[in-house]
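Dear colleague,

Please find the structure below, handed over for your study. My findings follow directly after it.

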Amino acid sequence: MNADVTDSPDRSVAEHVRRYLDTDGEDGFLEGGVTNLILTTVGRKSGTRRRTGVFFGRDGERLVLVASGSALGAPTLPDWYLNLLANPEAEVQVRAERFAVRAHTATGAERDRLWRLMTTLAPLYHRYAATARQEIPIVVLERV
């Protein structure tokens with residue numbers, strides 16, 4: 001990933017991203033008891049590359065994200081998710097490994113199965129769901 005990237009405006013997230021990148025995930029891969037990756041999307045309005053840290057799970061070779069945002073009861077979906085809806089091509093760093101991915105939002109039985117996976121990994125998502133104004137999207141990232 002190159003230098004023309006804007007990090008999250010959330011100071012704690014930006015600090016997490018810096019620690020992760022500086023150590024190839026040695027510091028930051030396991031954050032909050034859950035595995036984390038660095039996700040770089042293209043801003044849907046600005047076209048600027050945007051970088052953030054996101055909890056993730058694995059479904060075989062696929063990576064799974066929960067688009068709940070970082071604030072309990074947040075009224076809007078996270079920007080990274082809205083960016084992926086506009087442009088599903090993104091970049092990921094898992095520990096020291098960096099690669100391109102294509103995202104899709106899981107639906108139906110796939111979403112139900114992946115929701116169970118993610119709430120097993122991070123039971124906190126049940127609290128997010130209880131306060132959400134809509135169904136929380138589950139995002140699947142596949143290597144391209």
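I138 lies in strand 9 (strands are DSSP runs of E with at least two residues, helices are runs of H or I with at least four residues, and both are numbered from the N terminus). The model is a predicted one, in which local features need pLDDT of at least 70 and side-chain atom pairs count only at pLDDT 80 or more, while totals for chains, interfaces and linings use all residues. Residues are numbered from 1 along each chain as its sequence is written, and side-chain values use heavy atoms, with hydrogens and water left out.

I138 counts as buried because its relative accessibility is 0% (buried means under 20% relative accessible area, exposed over 50%, and partly exposed in between, with a 1.4 Å probe and protein chains only). Among the residues that I138 touches are V64, L65, H104, R111 and W115, not counting residues up to four places away in sequence (contact means heavy atoms within 4.5 Å).

Strand 9 runs antiparallel to strand 6, joined by four bridges (two strands pair if DSSP finds at least two bridges between them). Here V66 stands opposite I138. Strand 8 is also antiparallel to strand 9, with five bridges, and A103 has L141 as its bridge partner in strand 9.

In helix 2, residues 79-86, the buried residues are W80, Y81, N83 and L84. Seen down the axis of helix 2, they fall within an arc of 160°, so they line one face of the helix (the arc is that of the directions from the helix axis to the C-beta atoms). These buried residues pack against several strands, including strand 9 (138-143).

Yours sincerely
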